Amino acid sequence: MHIPDGYLSPQTTIPALIVMSTIWYLAFRKVKLAHNQQSIPTIALCAAFSFVIMMFNIPVAGGSSAHAVGAVLVAILVGPALAILAISTTLIIQALIFGDGGVLTIGVNCFNMAFLMPVCGYAIYRLISGASTLGSRRNLVATFIASYAGINLAALATAIEMGIQPLLFTSPNGTPLYGFYPLGVTIPAMMFVHLLFAGILEGLISTLALSYVVKFAPHLLNQTNRTLGSKIIAGSWLSRNKTLIITTTLIICMTPLGLLAGGSAYGEWGLDEVKQLIGYIPSGMAKTADLWHAILPDYTLPVLGDSAISQSFGYILSALIGVSLIAGLIIITHRLTKNSYSKN
Amino acid sequence: MCQAELIPSWLLQNERGLVNKTPQRLNFLRRSITHLSKIFSEEIYFNRTADRQGLLQAIDPRAKLILILIFILIINCSHTFTIPLVLFAITLVYAKLSHISLTQLTRRAWLIIPVFILICSTPALFNVLIPGKVLLTVISTNSKSQWFSHGLYISDNGLHSVMMMFIRSGCSLSLVYLLLTTTSWNDLTKGLSLLKAPTGFILILSMTYRYIFLLTNCALQMNEARFLRTVGRLNHRENRRFIGHSMALLFIKSNYLATEIFAAMRARGFSHKIVSLKTLKLDKIDYIFMINNGIILLILLAWSKIS
């Protein structure tokens with residue numbers, strides 16, 4: 001899953017690095033609040049731990065073996081904020097010292113494996129685990145599902161980042177300038193291995209490791225729960241907003257229903273439809289029509305074709321992007337204005 | 001092998017008879033041991049090469065770091081073969097002047113990841129994915145194949161795209177390898193701190209690097225102990241349980257270490273400042289190096305504009 005240099009365009013890798021810098025800053029602030037002066041050795045040792053667990057070979061069918069990423073396990077053991085910093089440090093050292101993964105792609109690799117994987121995996125873990133006892137069947141099932149989902153989400157993100165390259169960066173004659181496999185190839189190629197093999201392996205190993213820690217050193221987990229406010233906050237936030245999350249997810253999943261209706265919505269006509277309706281295109285409309293080209297035209301991904309399933313996938317993806325953008329803007333506004341209105 | 005230059009050959013030889021008799025189901029342990037020991041051998045190798053009296057070893061790490069990052073960025077921005085290949089040629093010249101084995105550099109940078117990329121990119125050579133002018137016909141257009149009505153051939157655009165990716169990744173990795181073999185980790189982190197990278201980031205990087213070796217040693221010992229004590233056949237379930245439990249044990253150890261290390265740091269008066277015995281100062285040679293490379297980059301830029 002480590003993307004090397006040369007596969008992604010700098011227009012993808014540099015923004016990812018900027019996004020990750022913000023995430024690192026926020027995560028570091030959170031860890032510092034929880035651990036105070038001990039934050040540096042805690043992050044460093046956690047990073048060394050994640051580095052070493054990535055070196056372990058896990059036996060699979062026949063005589064072959066595979067590697068686990070262990071990001072969700074680290075997040076469950078020490079909390080998501082600490083996990084982001086620890087796994088990012090591991091990935092930076094892997095790129096700078098062992099040439100594993102590119103230097104320019106550090107931001108993208110960290111986003112997939114050190115942010116998306118532990119944070120989403122941890123959220124799923126908290127959602128399923130709820131208030132169950134550590135080491136209970138529900139808790140271990142939650143660990144398995146979270147690890148399975150975490151690695152698959154990271155793989156999906158990697159596939160999307162690679163698959164959008166031929167869409168965005170092509171030469172005038174249409175030849176791809178960077179990655180050349182479209183989403184239709186990268187997503188099945190990555191997901192096949194991860195959904196069938198790597199995910200299960202990751203889930204198994206994480207569950208085994210967590211059950212051991214729960215059995216022989218439960219105080220470490222309890223301490224983690226006590227000291228890392230972020231874990232408790234994440235859990236309570238999810239349970240507080242359970243209704244909102246479920247409703248939003250349902251609405252997102254229902255967006256392809258719009259495909260059942262034929263034609264465009266009233267007043268949302270394109271140039272062709274306006275011409276059909278009134279016989280000509282108003283000059284003002286013609287002038288401004290080309291000012292903006294949508295990233296996902298007609299809520300679809302051109303590479304996926306016109307089949308009903310791919311159109312539905314495009315609708316869901318568009319809804320997900322839209323909801324994330326709006327939610328992000330609201331959260332930023334809330335954060336920025338919080339101090340001023342709390343004073344009043 | 002990089003170890004071969006530093007460690008006597010008899011120490012690196014495997015007891016072949018014994019290795020061959022290793023049960024297939026213990027392969028994962030052997031691979032883990034190999035991976036973990038490689039960390040140590042590479043560290044020894046990089047430290048030795050960084051201590052050699054060569055050109056890049058004498059240059060300030062800040063200058064090297066900035067230059068190599070700029071080179072990698074230029075390689076990744078270029079869409080023609082010329083600039084990456086010229087920069088690779090410059091890498092080879094610098095490696096020679098820094099007493100770095102060119103065979104090693106080529107082997108490490110080009111024979112693993114770029115070759116893997118090349119193999120994965122083979123389908124992109126054909127017109128099915130990237131159309132273009134015919135270079136080599138595999139199935140002619142006259143064939144009655146249902147799948148390839150336009151024929152199947154290697155296109156010029158396909159070959160260009162695949163080779164571009166292969167060259168980009170190989171050239172970038174060569175530059176990273178050059179930086180690693182000519183700069184010790186301490187100098188690199190010191191350079192980063194002088195470049196105003198956040199102190200917390202540098203401290204975390206330095207400490208992680210130091211303790212990676214300690215935890216790797218723990219993991220290596222666990223794997224070796226298991227490898228030597230295992231007799232007979234074990235099923236995959238048992239083996240996976242061992243790996244899961246080893247990871248958990250490492251977590252417990254690292255947690256214990258974090259507390260101990262923090263206590264030791266406080267006892268020694270740790271004040272969140274980076275202290276280094278070596279002082280780095282940009283010298284005349286560093287300025288000459290930077291100016292010369294700046295001129296090289298300008299020439300390359302002008303050349304790419306003309307051609």
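Guide: Chain B holds 13 helices and 2 strands, where helices (H or I, at least four residues) and strands (E, at least two) are DSSP runs numbered from the N terminus. This is a predicted model, in which local features need pLDDT of at least 70 and side-chain atom pairs count only at pLDDT 80 or more, while totals for chains, interfaces and linings use all residues. Residues are numbered from 1 along each chain as its sequence is written, chains are lettered from A and ligands numbered from 1 in the order in which they are written, and side-chain values use heavy atoms, with hydrogens and water left out.

Of the 307 residues in chain B, 46% are buried; buried means under 20% relative accessible area, exposed over 50%, and partly exposed in between (1.4 Å probe, protein chains only). Among contacts in chain B with a separation of 6 or more, 78% join residues 24 or more positions apart, a contact being heavy atoms within 4.5 Å. Carbon and sulfur atoms account for 62% of the accessible surface of chain B, which is about 16900 Å² (Shrake-Rupley method, 1.4 Å probe; for residues, only the protein chains shown count as cover).

A cavity is a set of points, on a 1 Å grid over the protein atoms alone, where a 1.4 Å probe fits but cannot get out; lining residues have an atom within 4 Å of a point. Grid points are joined across faces, edges and corners, and a volume is the space filled by probe spheres set on the points. The count is 5 cavities of 30 Å³ or more, and the largest cavity has about 110 Å³ of space. Its lining includes Ile97(A) together with Glu43(B), Phe46(B), Asn47(B), Ala50(B), Trp185(B) and Tyr209(B). Helix H3 (27-50), helix H9 (156-182) and helix H10 (185-194) of chain B each give two or more residues to this lining. H3(B) gives the largest share, 4 residues.

Phi of Lys196(B) is near 70°, a positive value in a residue other than glycine, and Lys196(B) is exposed at 73% relative accessibility. Most residues other than glycine have a negative phi. His99(B) also has a positive phi, near 60°. His99(B) is found in the loop between helix H6 (82-97) and helix H7 (102-110) of chain B, and is partly exposed at 45% relative accessibility.

Technical notes
1 Å grid on protein atoms, 1.4 Å probe; cavity = no way out; pocket = protein on both sides within 12 Å on 5 of 7 lines; lining within 4 Å.
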